[in-house]
2 protein chains.
Amino acid sequence: MKPEASNIHFVAPRRVAIIGAGLLGGSFGLALRELMNQPTGGSGKDVEIIGVSRSAASRDAALQSGAVTSATDCVEDACQNADLIVIAVPVDGIVAMVHRSVNHCADDAMVMDLGSTKASIVRAIDQNERASRLFVGAHPIAGSEKTGASFARADLFENKTVVLTPGARTPASLVQRATALWRAVRANVICMSAEQHDQAMASVSHVPHIVASMLAGILKRDSAQHDAVSLVGSGWLDTTRVASGDPDLWTAICRENSAAIQSELTSAIDWLTQFSSKLNGEDFAAVRELLLQSQIVRDQVLAAKQR
Amino acid sequence: MKPEASNIHFVAPRRVAIIGAGLLGGSFGLALRELMNQPTGGSGKDVEIIGVSRSAASRDAALQSGAVTSATDCVEDACQNADLIVIAVPVDGIVAMVHRSVNHCADDAMVMDLGSTKASIVRAIDQNERASRLFVGAHPIAGSEKTGASFARADLFENKTVVLTPGARTPASLVQRATALWRAVRANVICMSAEQHDQAMASVSHVPHIVASMLAGILKRDSAQHDAVSLVGSGWLDTTRVASGDPDLWTAICRENSAAIQSELTSAIDWLTQFSSKLNGEDFAAVRELLLQSQIVRDQVLAAKQR
């Protein structure tokens, strides 16, 4: 579902807190500052962007990248009177951070996360009156296996999809405000339920990540496999790229979206078992058919993305 | 094992037959022609490069790309007096093509395939006295999911690894000649047994391909999955890239390297089953450890490749 296009106008924030100023949070800061410096950015040129990180190195990286105008380790200080709070911490820390934020931010603030799982977060926030009135879940389908503000880019969200997952009590005006903000940084916004989002992400992101880890994991590192490493080509490197992602972030994702991931993993194992059995039975017509059906799906998805 | 560096000199061929002038064969032709046009290419400037394809469209593409100087559908005509024969057909057609070639080529010819499986080919060739004296198996770890000479590139082999897999009866001089040829087109040459090659390729290429197909295959194309397609990001696209490869080529690879592939598929299924069981048991320390070990392997391989 695409949000209504009419009556959606971007309102520049005055004071922004970015909690967790890593790759995503830092890129959001850079994109916002670039937006403010455009002629149409208007009065927002002197927007304050406060980065929050526990580690001094992360705060330094965020400041040095230009993603934030100041940095602190205190969530409450950063949120004080903020009218936009962006929560870009690992998914298992988001709910607690929303609750801390809403107690200190302005009454007309928008609190938004950038997490790649949504259902358990949206469910938890729906239990709290003030939080559910100020919070909207967002997931920009952007990023990479790299982490940290030093990899942040102002154009990270350009032409990328951002999914908004409003809960039962999220005001429509908040969804419109979030939509306008993401469109202003040139992202494509779609809305769906948090449950739909999580099920879909299990199949297009979470299980592909686990499968990429598997491919790297079964490449044993003993000397007998030295041959294998020297034969690695672009196929293996691309297929396993995401396996270089942060294990802590991905453990949190697995925890938060466990049921959908397990159901997709079952499909994955079933497919491979079927393929192996066809191969073992020398049923090469069936092997070809499996490869062909997958080629068709992949080419269709690629065509849809390039449209 | 790296071949001896000393006494390896590139001798320009006079008449080359490229059987199957698609992406790999066409790129070989382009690379060879570029080499011949260099000042050091010497007298080879008027080398004949004859492309062989059954389909008129493939012959046209090869001619148009500049990969060949002439094209025919007759293997025997092309091989007549050729001193270099490059066989770039799907792996299950290579042995028959070697046998047809050796009956017509010059007595001092080198016959080389470019297939991505080796053991069954090398075993079969070893049975034939003339073929085993003229043939050396080669596998350039290069290419892409694209097919056809229109995607051929003169620099496809630059800085890529080429594996030579001499059989029991392959003359050492032939291995040296093949080494010199590949080095001349700026590839890195390594030698190993065909069995080692096939086992290693199962883990770094064949099973990654099958796993990429699986990921595309389980993304069901019904309307319920419409959400999933709109959430596809660079992770899914990279992880599944090779699944766009030609199903016929890959069915042939699965057939030729079936045993090694089945053994690797068992490891793949075991890893995923273990992961799923840890997730189901909420053993997130074990989940993290699996992701961490894989991250370490991937980063080590990447570092080794970039060295």
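**Note on the predicted model: aromatic pairs and the A–B interface**

1. A:Trp271 and A:Phe275 are four residues apart in helix 12 of chain A, and therefore about one helical turn separates them. The model is predicted. In it, both A:Trp271 and A:Phe275 are buried.

2. Over all chains, the count of aromatic pairs comes to eight. One of them joins A:Phe157 and A:Trp182 in an edge-to-face arrangement, with 5.2 Å centre to centre and 75 degrees between the planes. This pair links distant parts of the chain: A:Phe157 lies in the loop between strand 6 (135-140) and strand 7 of chain A, whereas A:Trp182 belongs to helix 7 (residues 172-184), 25 residues apart. A:Phe157 and A:Trp182 are both buried. The pair of A:Trp271 and A:Phe275, by contrast, is stacked, at 5.4 Å centre to centre and 15 degrees between the planes.

3. A:Phe157 and A:Trp182 also form one aromatic cluster with A:Phe28.

4. Chain A and chain B each bring 85 residues to their contact. About 7,800 Å² is buried between the two chains, and carbon and sulfur atoms give 67% of this area.

5. Polar contact across the interface involves 24 residue pairs. On the side of chain A that touches chain B, helix 13 (284-306) is among the elements that supply at least two residues; helix 13 gives the largest share, 17 residues. The residues of this side comprise 44 nonpolar, 28 polar and 13 charged.

6. Four salt bridges are found across the interface of chain A and chain B. One of the salt bridges joins A:Arg288 to B:Asp248, with the closest N and O atoms 2.5 Å apart.

Methods:
Residues are numbered from 1 along each chain as its sequence is written. Chains are lettered from A and ligands numbered from 1 in the order in which they are written. This is a predicted model: local features need pLDDT of at least 70, side-chain atom pairs count only at pLDDT 80 or more; totals for chains, interfaces and linings use all residues. Side-chain values use heavy atoms; hydrogens and water are left out. Contact means heavy atoms within 4.5 Å. Buried area is the accessible area (1.4 Å probe) that two parts lose on being put together, summed over both. A salt bridge is a side-chain nitrogen of Lys or Arg within 4 Å of a carboxyl oxygen of Asp or Glu. A polar contact is a pair of N or O atoms within 3.5 Å; within protein, one must be able to donate a hydrogen and the other to accept it, and residues adjacent in sequence count only if both atoms are side-chain atoms. Ala, Val, Leu, Ile, Met, Phe, Trp, Tyr, Cys and Pro count as nonpolar, Asp, Glu, Lys and Arg as charged, and the others, Gly among them, as polar. Rings of Phe, Tyr and Trp (its six-membered ring) pair if their centres lie within 6.5 Å; planes under 30 degrees apart count as stacked, over 60 as edge-to-face and the rest as tilted. Buried means under 20% relative accessible area, exposed over 50%, partly exposed in between (1.4 Å probe, protein chains only).
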